[in-house]
Amino acid sequence: MTDRVLWSYKEIAAHIRVQPDTVRSYRKHGLLPPPDHVEGGKPYWYADTVRTWVASRPGNRGRRES
């Protein structure tokens, strides 16, 4: 089953335990996948997109999802 909930910078930051500005920096430097949806100029990603990205990040040593 896919998780179609849209996440903003805030939810992504909470998921990977960083500040929202860090996630914005990741996007600015091309480290974050393209947004799945843009509404009013604000980017959003599906939770599954973020989880896939987190799993493939360099330095990911099999951290457990919360």
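## Walking through a predicted 66-residue chain

Of the 66 residues of the chain, 27% count as buried, where buried means under 20% relative accessible area, exposed over 50%, and partly exposed in between, with a 1.4 Å probe and protein chains only. The model is a predicted one, in which local features need pLDDT of at least 70 and side-chain atom pairs count only at pLDDT 80 or more, whereas totals for chains, interfaces and linings use all residues. Residues are numbered from 1 along each chain as its sequence is written, and side-chain values use heavy atoms, with hydrogens and water left out.

The chain holds 3 helices and 3 strands, arranged from the N terminus as β-α-α-β-β-α; these elements are DSSP runs, with helices (H or I) of at least four residues and strands (E) of at least two, numbered from the N terminus. The accessible surface of the chain is about 4,900 Å², and carbon and sulfur atoms contribute 50% of that surface, the areas coming from the Shrake-Rupley method with a 1.4 Å probe and, for residues, with only the protein chains shown counting as cover. Among the contacts in the chain with a separation of 6 or more, 50% come from residues 24 or more positions apart, a contact being heavy atoms within 4.5 Å.

An unreviewed UniProt entry places the feature "domain: HTH merR-type" at residues 9–44; such positions are given in the numbering used here, feature names are shortened, and annotations may be inferred rather than shown by experiment. Within the model, the span 9–44 is 47% helix and 17% strand, and its end C-alpha atoms lie 8 Å apart.

Ser8 is buried, with a relative accessible area of 18%, and its side chain makes a polar contact with the side chain of Glu11 at 2.3 Å. A polar contact here is a pair of N or O atoms within 3.5 Å; within protein, one must be able to donate a hydrogen and the other to accept it, and residues adjacent in sequence count only if both atoms are side-chain atoms. Once neighbours within four places in sequence are left aside, Ser8 is in contact with Pro43 and Tyr44.

Rings of Phe, Tyr and Trp (its six-membered ring) pair if their centres lie within 6.5 Å, and planes under 30 degrees apart count as stacked, over 60 as edge-to-face and the rest as tilted. By this rule the count comes to 2 aromatic pairs. One of them joins Tyr9 and Trp45, whose ring centres are 5.5 Å apart with planes at 55 degrees, so the pair is tilted. Because Tyr9 lies in helix α1 and Trp45 in strand β3 (residues 42–46), the pair ties together parts that are 36 residues apart in sequence. Tyr9 is buried at a relative accessible area of 15%, and Trp45 is buried at 0%.

In the loop between α2 and β2 (37–39) sits Asp36, which is partly exposed, with a relative accessible area of 33%. Leaving aside neighbours within four places in sequence, Asp36 is in contact with Tyr44, Trp45, Tyr46 and Thr49, and its side chain makes a polar contact with the side chain of Thr49 at 2.8 Å.

Finally, Arg17 lies in the loop between α1 and α2 (20–28) and is exposed, with a relative accessible area of 62%. Although Arg17 is not a glycine, it has a positive phi of about 60 degrees. Most residues other than glycine have a negative phi.
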